[in-house]
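Here is my note on the model you asked me to look through. I have kept it to a few numbered points that you can follow with the structure open beside you.

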Amino acid sequence: MTTTHAPAPPIGKAAVGALGALAVATGALESVVTPTLPLLQGELDMSPAEGALLSIVLLVTGALITPIAGKLGDRYGGKRVVVRLMAVVCAGGLVSALAPNLPVLLLGQVLQGAMVGALPLSFILVRAHLPAGESKVAIGVVSGLFVGGAMAGTLAAGPVAEGLSRHWMFALPTFAVIGATVLVHRLMPHDPPRRTDGAGIDWPGLVLLSGTLVTLMLVLGLGADLVVQPLVLLGLVVLLAAFGTGWVAVERRAASPMVDLRMLTRPAVGKSCVLTFLICVGTSAATYLVPQLFAVPADTYGFGASATGIGFFLLPGALAASLAGPISGIGVRRLGSRAVVTAGVLLMAVGLLGLAAAHTEIWHLVVGKALVALANGLCVTAMVTRTATSVDLGDTGIATGLVLVTRVIGFAVGVQVTGAILTAGTPTGSKIPAESAFVAGFILAAAVTALSLLVVRTMSKGVKE
């Protein structure tokens, strides 16, 4: 039985401002690891594979939390769920700030992953409390502030980590998140549950997908080290197969699955997921390898950049990514999704091959990373738009959720594989990977990206899906 409740009361600029402050703070907290990853690896004595794991656990948690957060918001109201999720994020930020070693820092990042589920809920809150025209403006403002917060975190993380310590790098944005959460709690009125249809949360699906992703990360991250222990590696592969098979079986039978795999039988959705996976594998290689290459000592083949310098060098890529969404939207409307994705794939392949061929100057890496970031934004925005407009209105959340999970898996696979390549390419007794390992990572990513053109050729033009 479905029950629709009374509409939520309207809100003023102060409440929207509180959500904007929360977006800035969470964007800053989410972005501090990438520019400081080489610094963290040095302080915590991490291998490249362990560094790769640290850079993705937040996103993996977010992929698991997001669909659950949406259903909890429907059941209990968006404000209540947002505040509780942010309490988890704040706890994670404090754990990360106090972490004495890698396992504790990983735990903090896992808890911080709840922020990925909180941001879409804030959009739902805006839509619940404002008229359609005003809500579009407010959502655009909140989205822009999140991107702005991420840029600020990218720039500030290095100076804070080097001037104070890595602990303060997590603590300062966490304090901002705490303050913004208090503002949201005080200024945002409660919204009633939108719908109660008796559909429960797919806890078995969540547990099995969690096991699948964690085991996949272990296989990819530790595979190179476990070659000398084939039975352990075989055991992990068997466990991965068991988790994956069990998850597929549960999702196909669940009344309200966490991820409706039947959507994959729809050509538009299935192709979008395959493309998203391949494109995110390519993107993740540049995201992980470029900061590592900046940090390689200048007396070898690198630049010896500090965390502050790395953040500054990554800023053009962040700006390119922020511009990609609007550009992609205009391109899809005028030219169709296939044209936009084709252009994005070619641009990304050129950027990755350029990084493999030329990485002896700082501007080589800055331009290459910016090209990849722009291309990724073009492709992913076009894929999400295509997916959302190719299914019935009631299936939009399910279809886009499937693309989200695929995006995270692609990114996680790409980062872990490139991390394993660097680990395997590090000579015994050294902490500096061979230059050829970076070249191999960029070339592999370019090859995977180029494969996506085979799928793009089968797409409809998609001016109107």
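Which residues is T154 in contact with, leaving aside its neighbours within four places in sequence?

1. Let me begin with that question, bearing in mind that this is a predicted model. T154 is in contact with S31, P35, G311 and L314 once its neighbours within four places in sequence are set aside. T154 has its place in helix α7, which covers residues 132-163. At 10% relative accessibility T154 counts as buried, because the cut-off for that label is under 20%.

2. Now for the overall picture. The protein chain holds 16 helices and two strands. Of its 465 residues, 51% count as buried. The accessible surface of the chain comes to about 19700 Å², and carbon and sulfur atoms make up 70% of that surface. Among contacts in the chain with a separation of 6 or more, 81% are accounted for by residues 24 or more positions apart.

3. Helix α1 runs over residues 13-30, and its 18 residues reach 25 Å from first C-alpha to last, close to the 26 Å expected at 1.5 Å a residue. The buried residues of α1 include A15, A18, L19, L22 and A25. As a reminder, an α-helix has 3.6 residues a turn, so residues three or four places apart point the same way.

4. A18 sits in helix α1, and a relative accessible area of 4% makes A18 buried. Not counting residues up to four places away in sequence, A18 touches A180, L183, V184 and L187.

5. Look next at L145, which is found in helix α7. Is L145 buried, partly exposed or exposed? At 32% relative accessibility, L145 counts as partly exposed. Setting aside residues up to four places away in sequence, L145 touches G20, A23 and V24. L145 and A23 are 122 residues apart in sequence but 6.0 Å apart in space, C-alpha to C-alpha.

6. Helix α8 also deserves a moment. The 22 residues of α8 should span 32 Å at 1.5 Å a residue, and its end C-alpha atoms are 33 Å apart, which agrees. Among the buried residues of α8 are M169, F170, P173, T174, V177 and A180. T174 has a relative accessible area of 0% and is therefore buried. Apart from neighbours within four places in sequence, T174 is in contact with L29, C90, G93 and L94.

7. How do helices α2 and α8 meet? The axes of α2 (residues 33-43) and α8 (residues 166-187) come within 10 Å and cross at roughly 145 degrees. On the α2 side the contact is made by V33, T36, L39, L40 and E43, and on the α8 side by R166, M169 and F170. Sorted by class, this contact has five nonpolar, one polar and two charged residues.

8. Helix α12 (residues 307-335) and helix α13 (residues 337-357) pack at an angle of about 130 degrees, with axes 7 Å apart. The two helices are therefore oblique to each other. Here S328, G331, V332 and L335 in α12 meet S337, A339 and V340 in α13. The residues of this contact divide into four nonpolar, three polar and no charged.

9. One backbone detail is worth a look in your viewer. D45 has a positive phi of about 55 degrees although it is not a glycine. D45 has its place in the loop between α2 and α3. With a relative accessible area of 53%, D45 is exposed.

10. Last, a stop further along the chain. L451 has its place in helix α16, which covers residues 435-456. At 46% relative accessibility, L451 counts as partly exposed. The C-alpha atoms of L451 and L278 are separated by 7.7 Å, although these residues are 173 apart along the chain.

Note on methods:
Residues numbered from 1 in each chain as written. Predicted model: local features only at pLDDT ≥ 70, side-chain atom pairs only at ≥ 80, totals over all residues. Heavy atoms only, no water. Axes fitted to C-alpha atoms, helices over the stretch in contact; angles between N-to-C directions. Helix = DSSP H or I, 4+ residues; strand = E, 2+ residues; numbered from the N terminus. Parallel < 35°, antiparallel > 145°, perpendicular 65-115°, else oblique. Contact = heavy atoms within 4.5 Å. Nonpolar A, V, L, I, M, F, W, Y, C, P; charged D, E, K, R; others polar. Expected span 1.5 Å × (residues − 1). Buried < 20%, exposed > 50% of the residue type's maximum accessible area, 1.4 Å probe, protein only. Areas by Shrake-Rupley, 256 points an atom, 1.4 Å probe, with all protein chains shown as cover.
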